[in-house]
Amino acid sequence: MTNVAPVNASCRTKISQTSLYFSGRNYFDKMLTPDAKNFERLINGKQTSLTFIRNGKGLEASISNYGARIITLLFDGINVTPAYDSLEPYTSTTLAPYHGATVGRYANRIAKGKFVLNGMEYLLPVNNAPNHLHGGTKGFHQQVWDVAEIKTYEVTFVYFSQDGEEGYPGNVNVIVTYHLSEENELIISYSAETNAPTPFNITNHCFFNLNGEGSILNHRLQLNADRFTPVDRTLIPTGEAKNVEGTAFDFRETKRLGKDIDRNEEQIKIGGGYDHNFVLNKGESELSFAAKATGDKSGIVMDVFTTEPGLQLFSGNFEAVKGDPSTFRNTFCLETQHFPDSPNQPSFPNTILKPGEKFTSKTVYRFSKQ
């Protein structure tokens, strides 16, 4: 298994533009770019930090090594990933644990927190009763990653996940790189290796609002998917891949995200809106078009490309700030991934990483204006 040694780098660039992001005190306050000092803490003996990268064409980001997490992502003067102004909310298990984070060892849900691999049953934390969610109570999103390399337009993080962490077998070395291209693309590249067979499914959990604030229901959305995976009442896939035609899940042609979000359909009621995996129309590992979202007020367009077979659409079916109904459905997620509960669903694409193999995955978020 490849060993990855962290490389310290002291260079930082600064974001000059003003952004919109929400603080723990006032949702969507207008404030300056995050202060790096507010993201510096000692957690489990490791130092957290905030890195700033930019491409020189108007795309800029601030990224924390706590969870290898995107904090802000600015395009055309708008922060399209609403964020908190300090690290504390992200360390909370209830407030914003997944916002912008790298999620693993297994993104999404595993039924009843258990799976069988090579004849042995493995038990995982049940942190989304009755299921296991996003790698557990101390998944990748709550780990301090090592900063391996920083460039003006790119930052690379590495993490060593030990055998038995959150119940998963095998040591795993994970590398995540965020790159801002000259074509105004945020390119996220992942790789991983293990010394024992283990389920592995990694994603980024950005919450987007392409207007920078307000409701996302008038965003326009297109998904390159003819099918989705229906779920039971605990949001575990039934094993079926259902055709979207004639349902609220048909985004093959662009429509308002909120057009059918309250439609009288069982799957909509179960999810409280959209919280479902879509089966992308694509080859097994090719980088291809997955989705297009457009801010109705800003005119910002976000095209999504991925090598992954699935995409989880989450429509922000909660109050981002408890007690503030104005924060309901103010953000949405497009999580590129393998399918939920794949270790227990033999008909789904394989998610078992084996020794001698190298997991690689790439997702591209391309930004432009109408």
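1. Strands here are DSSP runs of E with at least two residues, helices are runs of H or I with at least four, and both are numbered from the N terminus; two strands pair if DSSP finds at least two bridges between them.

2. Please keep in mind that this is a predicted model, in which local features need pLDDT of at least 70 and side-chain atom pairs count only at pLDDT 80 or more, while totals for chains, interfaces and linings use all residues. Residues are numbered from 1 along each chain as its sequence is written, and side-chain values use heavy atoms, leaving out hydrogens and water.

3. Back at the sheet, β27 (residues 310-314) runs antiparallel to β28, and five bridges join the two. If you want a spot to look at, Gln312 stands opposite Glu335 in β28.

4. The protein as a whole has 30 strands and two helices. Of its 370 residues, 60% count as buried, meaning under 20% relative accessible area with a 1.4 Å probe and protein chains only.

5. Contacts (heavy atoms within 4.5 Å) are worth a glance too: among those with a separation of 6 or more, 66% come from residues 24 or more positions apart.

6. The accessible surface is about 14600 Å², and carbon and sulfur atoms hold 47% of that surface. These areas come from the Shrake-Rupley method with a 1.4 Å probe.

Conventions: Buried < 20%, exposed > 50% of the residue type's maximum accessible area, 1.4 Å probe, protein only.
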